[in-house]
Amino acid sequence: MMISDIKSRPVYRALAPEPTASGHLLVVEGETLTPALLAAFASAFGPVAPRLHTWLVGGPQDVGPHPGRLWRLGSLADVVDSLSCASRGFGIGDRLYVSGTEPFLWRVAEAAGHVGFASGQIQLHHAGSLRRRVWCTHCHSITDDVTTHIADCAGCGRHLLVRDHFSRRLGAFMGVMVDAEAPGQVPAREEVFA
């Protein structure tokens with residue numbers, strides 16, 4: 001995880017199960033599933049964990065022993081659909097735990113907010129790639145899976161400098177035109193967010 005002095009940059013912590021909550025939903029981006037994550041939830045809830053549901057998006061077929069019920073989902077879109085379908089089952093006492101890449105975290109958090117989860121009910125843990133979603137300040141388009149400090153906007157094609165300023169509402173980092181003052185003078189791209 002990158003450290004920044006910019007106040008809008010999210011700070012992530014390890015997921016901490018809250019056993020006294022009514023129900024628990026753990027959403028994990030497949031490649032970020034670790035034995036340590038499963039062990040943390042198993043030690044908090046025990047092997048049966050009837051109030052824990054885990055949604056695994058992609059990832060390994062054999063996850064080994066896991067607490068609660070495991071559901072396999074094929075994509076992030078399936079998570080969003082499943083949250084909206086299950087929205088009547090969530091209440092103020094429930095908790096949502098999300099582990100994955102930053103774009104994954106914030107898309108799940110946004111979908112959870114739409115079905116009634118408050119920010120205090122959601123824990124986000126960044127794991128995996130540092131790739132970013134970038135919001136163009138010029139055309140307001142989103143460019144996904146950015147790994148370089150300069151990216152081409154998916155909407156207007158401008159060369160964007162990827163800033164550390166982050167919008168929780170958009171779940172994206174700000175991108176500003178890198179050659180606004182000197183058109184055509186674009187610095188060499190560097191792989192920064194792999």
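**Figure 1. Pairing of strands E1 and E2 in the parallel sheet.** In this predicted model, Val28 has Leu56 in E2 as its bridge partner. Strands E1 and E2 pair in the parallel sense, and 6 bridges connect them. Helix H2 (residues 76–85) packs on the sheet, where it touches E1, E2 and E3. The direction of H2 makes about 150 degrees with that of E2. Helix H3 also packs on the sheet, touching E1, E2, E4 and E5, and its direction makes about 160 degrees with that of E4.

**Figure 2. The open sheet that contains E1 and E2.** The 5 strands of this open sheet follow the order E3-E2-E1-E4-E5, with parallel pairing. Strand E3 (69–73) and E5 stand at the edges with a single partner strand each, so one side of each is left without a neighbour in the sheet. From one strand to the next, the twist averages 15 degrees.

**Figure 3. Helix H1 and its buried face.** Which residues of helix H1 (residues 35–45) are buried? They are Leu37, Leu38, Phe41 and Phe45. Seen down the axis of H1, these buried residues fall within an arc of 95 degrees, so they line one face of the helix. An α-helix has 3.6 residues a turn, so residues three or four places apart point the same way. The buried residues of H1 pack against strand E1 (24–29), strand E2 (52–57) and strand E4 (95–100). The exposed residues Pro35, Ala36 and Ser43 lie on the face of H1 turned away from its buried side. Just after H1, Gly46 takes a positive phi of about 85 degrees.

Figure 4. His126 is found in strand E5 (residues 122–126). Is His126 buried or exposed? Its relative accessibility is 11%, so His126 counts as buried, the cut-off being under 20%. The side chain of His126 reaches the backbone oxygen of Ser129 at 3.1 Å.

**Figure 5. The open sheet with mixed pairing.** This open sheet has 5 strands in the order E7-E6-E10-E9-E8, and its pairing is mixed. At the edges stand strand E7 (142–146) and strand E8 (150–152), each with a single partner strand, so one side of each is left without a neighbour in the sheet. On average, neighbouring strands of this sheet are turned by 45 degrees against each other, direction ignored.

Figure 6. Strand E6 (residues 132–136) pairs with E7 in the antiparallel sense over 3 bridges. Val134 stands opposite Thr143 in E7. E6 and E10 run parallel and are joined by 3 bridges; in E10, Phe173 is the bridge partner of Val134. Phe173 in E10 is also the bridge partner of Phe166. E9 and E10 pair in the antiparallel sense over 5 bridges. Their hairpin has 4 residues between the strands, and Gly171 in this hairpin takes a positive phi near 65 degrees.

**Figure 7. Helix H3 and the residues it buries.** How far apart are the end C-alpha atoms of H3? They are 19 Å apart; at 1.5 Å a residue, the 13 residues of H3 should span 18 Å, which agrees. The buried residues of H3 are Glu102, Pro103, Phe104, Leu105, Trp106, Val108, Ala109, Ala111 and Ala112. H3 is followed by Gly116, which has a positive phi near 110 degrees.

Technical notes. Residues numbered from 1 in each chain as written. Predicted model: local features only at pLDDT ≥ 70, side-chain atom pairs only at ≥ 80, totals over all residues. Heavy atoms only, no water. Buried < 20%, exposed > 50% of the residue type's maximum accessible area, 1.4 Å probe, protein only. Helix = DSSP H or I, 4+ residues; strand = E, 2+ residues; numbered from the N terminus. Arc of directions from axis to C-beta. Contact = heavy atoms within 4.5 Å. Pairing = 2+ DSSP bridges. Axes fitted to C-alpha atoms, helices over the stretch in contact; angles between N-to-C directions. Expected span 1.5 Å × (residues − 1). Polar contact = N/O pair within 3.5 Å; in protein donor to acceptor, adjacent residues only side chain to side chain.
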